[in-house]
Each structure stands twice: as C-alpha cells, then as structure tokens.
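Biologist: I would like to learn how to read charged pairs and strand pairing in a model such as this one. Could we go through them step by step?

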Amino acid sequence: MAVVEIVSFGYLHDAPPAAHLTIDLRHHFRDPHVSPELRYMTADDEPVRTAVLNTPGITELVEATATAVAAFASGPTAGTVTVADGCAGGRHRAPTFARALAERLRESGHSVTVSHRDLNKPVVHR
C-alpha cells in the first residue's frame with residue numbers, strides 16, 4: 001500500500017502546501033469558529049470534532065478523498081501521495097478532517113502521517 005502524507009492548514013495563515021490533492025473545506029462546511037463556545041477550541045477538543053464530523057457531507061468527502069488517494073497510489077510511479085486539506089484558520093475543520101481521513105486510509109492498509117501546520121496558531125479574528 002501507498003505511503004500517504006496528510007497536512008491540514010489554514011488559508012488565512014499562508015498559501016496551501018504543495019500536494020497531489022488539495023481539499024478546500026471553507027465554503028461547503030459550516031465553520032465551528034462562528035460558535036462562540038467552539039471558537040477558541042481546536043480539533044483536539046471533542047466538541048469541535050463532534051461538530052465537524054456531524055456536518056452533512058463530511059463522511060462522504062472523507063470516503064471520496066480516500067478513493068482519490070487510492071487512484072494516485074495505483075499509478076505507475078511509486079511514491080508518497082500528499083493530501084493537503086484546508087479551512088479558514090486551520091484549527092477546526094481541516095485537522096478534524098485530516099484525522100478522519102488518516103483513520104480511513106489506515107483501515108485500508110496505507111501508511112499515513114498527519115501534520116497540522118496551523119492547529120496551534122492563534123485564532124484569526126475576522
């Protein structure tokens with residue numbers, strides 16, 4: 001099975017990292033940042049993970065992304081497949097999605113690393 005590197009990030013901090021597949025979670029999935037009780041939490045907190053994972057469409061997007069990764073991995077050139085997934089600040093949706101995708105890919109036998117570029121950066125006030 002393929003080696004997969006997943007990087008979560010926030011578009012408001014810097015440009016997206018280089019990747020074979022970039023998933024933009026900003027416009028189609030509700031931002032936990034809009035809820036005052038979740039704003040200063042991160043994907044390390046259960047209420048954030050629950051809010052993100054219960055968003056309609058997230059489970060389907062995780063599955064579709066896992067299918068896309070498998071397509072890249074089945075190509076004629078072996079190598080690491082890099083997936084970057086971003087939201088506005090990189091603290092809620094992107095890291096939660098990255099972890100869910102990693103779990104799904106590991107179930108399929110892939111070797112997966114996950115990093116969160118912006119998870120511990122300050123909240124972006126907007």
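Predicted model: local features only at pLDDT ≥ 70, side-chain atom pairs only at ≥ 80, totals over all residues.

Biologist: Which side chain meets that of Glu46 in a salt bridge?

Modeller: Side chains of opposite charge can pair when their charged atoms come close. Here the partner of Glu46 is Arg49, at 2.6 Å from N to O, and both residues lie in helix 2 (residues 46–53), three residues apart, about one turn of the helix. Arg49 counts as partly exposed as well, at 24% relative accessibility.

Biologist: How many salt bridges does the structure hold, and which parts does the pair of Arg104 and Glu63 tie together?

Modeller: The structure holds seven salt bridges. The side chains of Arg104 and Glu63 meet at 2.8 Å, N to O; Arg104 lies in helix 4 (residues 93–107) and Glu63 in helix 3 (residues 58–73), so this pair ties together parts that are 41 residues apart in sequence. Salt bridges that share partners also join Arg117, Asp118 and Lys121 into one network.

Biologist: Turning to the strands, is strand 1 largely enclosed or open, and which strands pair with it?

Modeller: In a regular strand the side chains alternate between the two faces of the sheet. Six of the eight residues of strand 1 (residues 3–10) are buried, so strand 1 is largely enclosed by the rest of the structure. Strand 1 pairs in the parallel sense with strand 4 (residues 111–116) over six bridges, and with strand 3 (residues 81–87), also in the parallel sense, over seven bridges. Glu5 stands opposite Thr113 in strand 4, while its bridge partner in strand 3 is Thr82.

Key
Residues numbered from 1 in each chain as written. Heavy atoms only, no water. Buried < 20%, exposed > 50% of the residue type's maximum accessible area, 1.4 Å probe, protein only. Helix = DSSP H or I, 4+ residues; strand = E, 2+ residues; numbered from the N terminus. Pairing = 2+ DSSP bridges. Salt bridge = Lys/Arg side-chain N within 4 Å of Asp/Glu carboxyl O.
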